[in-house]
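Subject: Structure handover

Dear colleague,

I am passing on the structure below, with notes on what turned up in it. Please read the notes with the structure open.

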Amino acid sequence: MPEPLEPFEPLESYGEEGRAIASTGAGGAADFGTADAETLEKNLENGPDTAPDAGPDKKPRSLWSDAWHDLRRNPIFIISALVILFLVIISIWPQLIASGDPLDCDLSKAQEGSQPGHPFGFNGQGCDVYTRTVYGARTSVTVGVLATLGVAVLGGILGGLAGFFGGTWDGILSRLTDVFFAIPVVLGGLVLLSVVTSTTVWPVIGFMVLLGWPQLSRIARGSVITAKQNDYVQAARALGASNSRMMLRHITPNAIAPVIVVATIALGTYISLEATLSYLGVGLKPPTVSWGIDISSASPYIRNAPHMLLWPAGALAVTVLAFIMLGDAVRDALDPKLR
């Protein structure tokens, strides 16, 4: 008759080659080396948070932390961010680098070139081109930022709801966006803004939001449709999560990245659109200081006084380029396919 087996001690009985059988914590056992068995047993006793890869230096990074990690090492992002930061500062406090009044003009100095205290010369009305160029940043940045926020909020909400609920709501929004896509932007601005007499920036911002939201809504709709098919959303739905909770906690954080990328790139486009409409005489109107207005007033004198056109046009080009470069850097950081 065989002798009864002695009780097995997981961490004390080892084979000749230093092997041990350790409990896996799930009613089973596995064959490990001595060091591995001790580590596994210790982790199971103290909890999963004590595993070697669960330390503070081994925490898994999210999409946003990965994106910020890449952006900090991208020279294009750093350069464009510094340019935009400078533009924002002079937009809020133009007096830091320009002490004059952009509306203070002297006709006796009309079209004159650079002079001491007036490095950019004077325009056709005798106004200081340097001061007007500095103050023009405030208008362009304000229009671009507010128009982008309006487009992102309106287009993101409508597109997100259409992608989440689908059905009739999705069909209506799709046909509505097709109608707005059929309207040429510049032609629509000439028609809609030609009847506006206000000299503020709000009519121009409203026009940009009106014709700009369909693009963002299409992006948001497709992103939400992709996100809601993921397993974690299906699990939340099976557990009884409400629609609002799924949208706010699970879908929006994982679907907003494409919207941010497109909105960042579009910001530079809206700044150039404002300058185009102002150049055509239907955007911002005097006495508002705008790069588009200055470019329009300087274009007839480009042969005799090119400095009147050079500085506001150069400032506009640098601003648009900075925002486009920033959008490209953000896109590269947030797109997993480009990693």
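Helices in these notes are DSSP runs of H or I of at least four residues, numbered from the N terminus. In those terms, T131 belongs to helix α4. With a relative accessible area of 3%, T131 is buried, because anything under 20% is counted that way. If neighbours within four places in sequence are set aside, the contacts of T131 are A98, G100, D101 and P102.

Before the rest, a word on confidence. This is a predicted model. The average pLDDT over the chain is 81, and 80% of the residues reach at least 70. Where pLDDT is low, the predicted coordinates should not be read in detail.

Overall make-up

The chain contains 12 helices and two strands. Read from the N terminus, the order is β-β-α-α-α-α-α-α-α-α-α-α-α-α. The chain has 339 residues, of which 37% count as buried. Of the contacts between residues at least 6 apart in sequence, 63% join residues at least 24 apart.

Which cysteines are joined by a disulfide? They are C105 and C127, with an S to S distance of 1.6 Å. The count for the structure is one disulfide. Both cysteines sit in the loop between α3 (75-92) and α4 (129-165), and they are 22 residues apart. The torsion about the S-S bond is about 70°, so the disulfide is right-handed.

C105 has a relative accessible area of 34% and is partly exposed, whereas C127, at 3%, is buried.

Q111 is in the loop between α3 and α4 as well. The phi of Q111 is near 65°, which is positive although the residue is not a glycine. Most residues other than glycine have a negative phi, and most peptide bonds are trans. The relative accessibility of Q111 is 30%, so Q111 counts as partly exposed.

Helices α10 and α11

How do α10 and α11 pack? Helix α10 covers residues 257-279 and helix α11 covers residues 291-298; the angle between them is about 40° and their axes are 7 Å apart. Therefore α10 is oblique to α11, since angles under 35 degrees would count as roughly parallel and roughly perpendicular runs from 65 to 115. The crossing of the two helices is right-handed. On the α10 side the residues that meet α11 are A275, S278 and Y279. Their counterparts in α11 are G292, I293, I295 and S296.

The loop between α10 and α11 holds P287. The peptide bond leading from P286 to P287 is cis, and its omega is near 10°.

- T131 in α4, with its contacts, among them D101 and P102.
- The disulfide between C105 and C127.
- The positive phi at Q111.
- The packing of α10 and α11, then the cis bond from P286 to P287.

Regards

Technical notes
Residues numbered from 1 in each chain as written. Predicted model: local features only at pLDDT ≥ 70, side-chain atom pairs only at ≥ 80, totals over all residues. Heavy atoms only, no water. Disulfide = S-S within 2.5 Å. Buried < 20%, exposed > 50% of the residue type's maximum accessible area, 1.4 Å probe, protein only. pLDDT = per-residue confidence, 0-100. Axes fitted to C-alpha atoms, helices over the stretch in contact; angles between N-to-C directions. Parallel < 35°, antiparallel > 145°, perpendicular 65-115°, else oblique. Left-handed = near helix turned anticlockwise from the far one by under 90°. Contact = heavy atoms within 4.5 Å.
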